[in-house]
2 protein chains.
Amino acid sequence: MSAYAALEARFRRLGLLGGAAAMLHWDWATMMPPGGAGPRAAQLAELALIRHETLTDAAVCDLLDEAESETDTLDAWQRANLARMWRRWREAAALPGDLVQALSEASSQCEMVWREARPASDFPAFADAFAPLLGLAREKAAALGAALDCAPYDGLIESYEPGLRAATIDPLFDDLAGFLPEFLGRVRETQAGWGAPPPLGAATEAQQALARRLMAALGFDFDHGRLDISLHPFCGGSAGDIRITTRYDEADALSGLMGVLHETGHALYEAGLPEAWRYQPVGQAGGMALHESQSLLIEMQACRSRPFMRFLAPLLGEHLGGGGGAADAEALYRRAIRVEPGYIRVDADEVTYPAHIMLRYRLERALIAGDLAVGEIPGAWAEIHESLLGLRPENDTQGCLQDIHWSVGEIGYFPSYTIGALMAAQFFDAAARDEPDLWPAIERGDFAPLLGWLRANVHALASRHQGPALLERATGAPLGTAVFKAHLQRRYLG
Amino acid sequence: MSAYAALEARFRRLGLLGGAAAMLHWDWATMMPPGGAGPRAAQLAELALIRHETLTDAAVCDLLDEAESETDTLDAWQRANLARMWRRWREAAALPGDLVQALSEASSQCEMVWREARPASDFPAFADAFAPLLGLAREKAAALGAALDCAPYDGLIESYEPGLRAATIDPLFDDLAGFLPEFLGRVRETQAGWGAPPPLGAATEAQQALARRLMAALGFDFDHGRLDISLHPFCGGSAGDIRITTRYDEADALSGLMGVLHETGHALYEAGLPEAWRYQPVGQAGGMALHESQSLLIEMQACRSRPFMRFLAPLLGEHLGGGGGAADAEALYRRAIRVEPGYIRVDADEVTYPAHIMLRYRLERALIAGDLAVGEIPGAWAEIHESLLGLRPENDTQGCLQDIHWSVGEIGYFPSYTIGALMAAQFFDAAARDEPDLWPAIERGDFAPLLGWLRANVHALASRHQGPALLERATGAPLGTAVFKAHLQRRYLG
């Protein structure tokens, strides 16, 4: 057996264990009774440990070295797979076992404190638990930066979107920061006379039935997946069995449906990955920005549109009753594109969302660089929030304590959301250029042209290329803000 | 670290992986979309392989040897745990890897053939797939017998109920075979004038709500478990999160409820295992006979009784409507203890069930001994079935093809069902002797006295003692038929 083949066998085990763990996570969020949490955490920790042992086993490094001498016997996918294996090994090997362990414990501790500190707006309590976690995260950043030959904060970004760098993000975010405030003012003027949207309530069961109908229209295969309910919507499961969740608001049917469409975008990506590479690193979805681009492409680009609302309006009437106002396509469209600055990121619309991200990006970079102390977060948060959105949070519950990310050590993740939004606009624009029937088909509820383009240009390529390179290959242009801004202009001022 | 402590760490991993696999099995049977089967099978196979590697690692044998020299530092539970570790290691080490692999493949193959052969009554097709599997099972029996120092068929029984031997089973089954035919005739005479039971239909949702109510009364903790629906009822999940399933017959509410009560018996056993030993071999439930004793104790001993039906009758009326006839305790009791010889084991009542087991026991012993050829099964089956139950199957669908067990290589399992029934009678009899309030409490829907006795005398002891020894310790008497026969006399002729 060649060294490369031996590596494939080892990474197949990692892939299978990862799938098993993902299923146990799904069960945790959807099915598990509360008393199951302790034993489940122990099961998941053991699976994580076995994966770490399997990946950092001394033999893996030897095999990776040996496989380098076999590269002329490998095809392009295999070579890309070998590169992804190296990447995973370098990341795992870069972090000493005691740092991984300390991070895991500090994260658990900080998350527990955060769950109580958030509703109480108790920043001092949070800060006490976050300070040691931040120290460890800075150690991690330094170790990753050294191993991956980049700056410490870039090392963290790498964990979420391989190939992305702060040097790429900075000019994009600077450009958006220059564009959005004035644009937001114009959108607000345009929407000023719209008045409150009419009620659009419906029972959970009816919403769920319609959600399944829309998922099927988008191309979700219920023989290979499920839709369930959880507190926080997510896309989980494992290859061949993709599971998305949502929550329903019985007073506002559109919010739950839009959540389902968003998660369906993630799910279609997972379902479209190449089966032949199912358990190998190269066969996995790209980073978080690329993943978010697929959900935002479905939700924001395709579905919060007039054509989609023309398709949706009669279905809404049919499934949810109500008829009349609720089922009017133009009223639905206005409801779907309403813009309103607020405090909470997860409730933000497409126009104000980047401000929430840029705020967090600035702060977490400064935290990792050592330019911002933990105690300075609330003040810095309020100041930047006001400068970007014209609102100053009244407390930390609606300010720096709102997100779970930092409390579990996820630093470097936030930029993915807005980079994903830029990518989504670029992918969709390219698809609409290549498929002239794209919009008419969406209006008919036919997503085959869109899905076909995504399958060929994104999904089937898995991790064959890194995110920014894949984007350029699929669209002919590098990552930028122009297409996203043009999309905003058309949608909100057009 | 002592060798014993090192072993505990390794077996903790085995316990956690076993729990993870059990959850993935539960999901398969209850939640998984059909397309998930392939990837799930691969995940489970990988987990099984990792467990096998972990258990048969050369270091484990060395540690076991070393731990033997530490026994004077160990307490009684630790010594019992060490003995259970040895037992697991011996069983795993006894079977060469290629035999395990061949058995797994032959089982998958034979099960697939069986799924088609059963409805078609196509014994020749089944025989072609079963003959090679039987050959491998005989090899396995020989290897286990050699490793565990017992006869080959005893080696197979050992996999299901450690400590049980054919030499123990034979006189018990001979005694039952002498008792039951005449007893059955008398029961049939007694019940001859009962007429058909009145209808007792109800919607699935109503049955499920009542089932949960009864589970809670029995002591099932929904913070640590669930009730769901699957094609075949089972008790699964893992420590701290016990999951039972059932199926509902909308035309007969009692059948689904009795299924739930049966599985609740299994679940209460699992939930009562000592938390301190949760992931160690000594902390696991005993064998299949002991496990079945706990489900039969709840279903057959406690619940198919007049006192329970007096508790159930008003609840039935309340949850399922119907009132009158359906909610009459005596009518319910008669419905619950109706005896009627038939062909299908899983549909059999308490009186005829042992005949189904004795039939299978005789045949599988002869198959393993080489005294019966595969082609002779249908004839032998029909002959014994007729001699024990007075009915001759008209085809193999209602004869030797009805069970899945042999098709997946489970030989040596069947006696557990009837040994479990004997144990259930003995445990319950001892509990009723020790707790004078047992029956009045059941009639009030108070299962605390029964559960308290079971916790103290069975559940909390886990695998501290082997099944037959545990029974004798808890009841003061060895495994026998007298208490079971006395129970049958009282219930069916009393």
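**A guided reading**

Reply: Let us start with A:Ala462, which is found in the loop between α18 and α19 (467-475) of chain A; helices (H or I, at least four residues) and strands (E, at least two) are DSSP runs, numbered from the N terminus. This is a predicted model, in which local features need pLDDT of at least 70 and side-chain atom pairs count only at pLDDT 80 or more, while totals for chains, interfaces and linings use all residues. Residues are numbered from 1 along each chain as its sequence is written, chains are lettered from A and ligands numbered from 1 in the order in which they are written, and side-chain values use heavy atoms, with hydrogens and water left out.

Me: What is the phi of A:Ala462?

Reply: Most residues other than glycine have a negative phi. For A:Ala462 phi is near 45 degrees, a positive value in a residue other than glycine. B:Asp149 also is not a glycine, and has a positive phi of about 60 degrees. B:Asp149 sits in the loop between α6 (123-148) and α7 (152-160) of chain B.

Me: Is B:Asp149 buried or exposed?

Reply: Buried means under 20% relative accessible area, exposed over 50%, and partly exposed in between (1.4 Å probe, protein chains only). With a relative accessible area of 70%, B:Asp149 is exposed, whereas A:Ala462 has 0% and is buried.

Me: How do I read a pair of aromatic rings?

Reply: Such a pair is described by the distance of the centres and the angle of the planes. Rings of Phe, Tyr and Trp (its six-membered ring) pair if their centres lie within 6.5 Å; planes under 30 degrees apart count as stacked, over 60 as edge-to-face and the rest as tilted. By this rule there are 40 aromatic pairs over all chains. In one of them, the rings of A:Phe311 and A:Phe447 have centres 6.4 Å apart and planes at 70 degrees, so they are edge-to-face. This pair links distant parts of the chain, 136 residues apart: A:Phe311 is in helix α12 (residues 306-320) of chain A, and A:Phe447 is in the loop between α17 (438-443) and α18 (448-457) of chain A. A:Phe311 counts as buried at 10% relative accessibility, and A:Phe447 counts as buried at 3%.

Me: What is the angle between the ring planes of B:Trp406 and B:Phe414?

Reply: Their planes are at 80 degrees and their centres 6.1 Å apart, so this pair is edge-to-face. B:Trp406 is buried, with a relative accessible area of 6%, and B:Phe414 counts as buried at 1%.

Me: How large is the area buried between chain B and chain A?

Reply: The size of an interface is often given as the accessible area lost when the parts come together. Here it is about 2,800 Å², of which carbon and sulfur atoms give 57% (the accessible area, 1.4 Å probe, that two parts lose on being put together, summed over both). The contact (heavy atoms within 4.5 Å) takes 37 residues from chain B and 37 residues from chain A.

Me: How many salt bridges cross the interface of chain B and chain A?

Reply: A salt bridge is a side-chain nitrogen of Lys or Arg within 4 Å of a carboxyl oxygen of Asp or Glu. The rule finds 10 salt bridges across this interface. One of the salt bridges joins B:Arg243 to A:Asp27, with the closest N and O atoms 2.7 Å apart.
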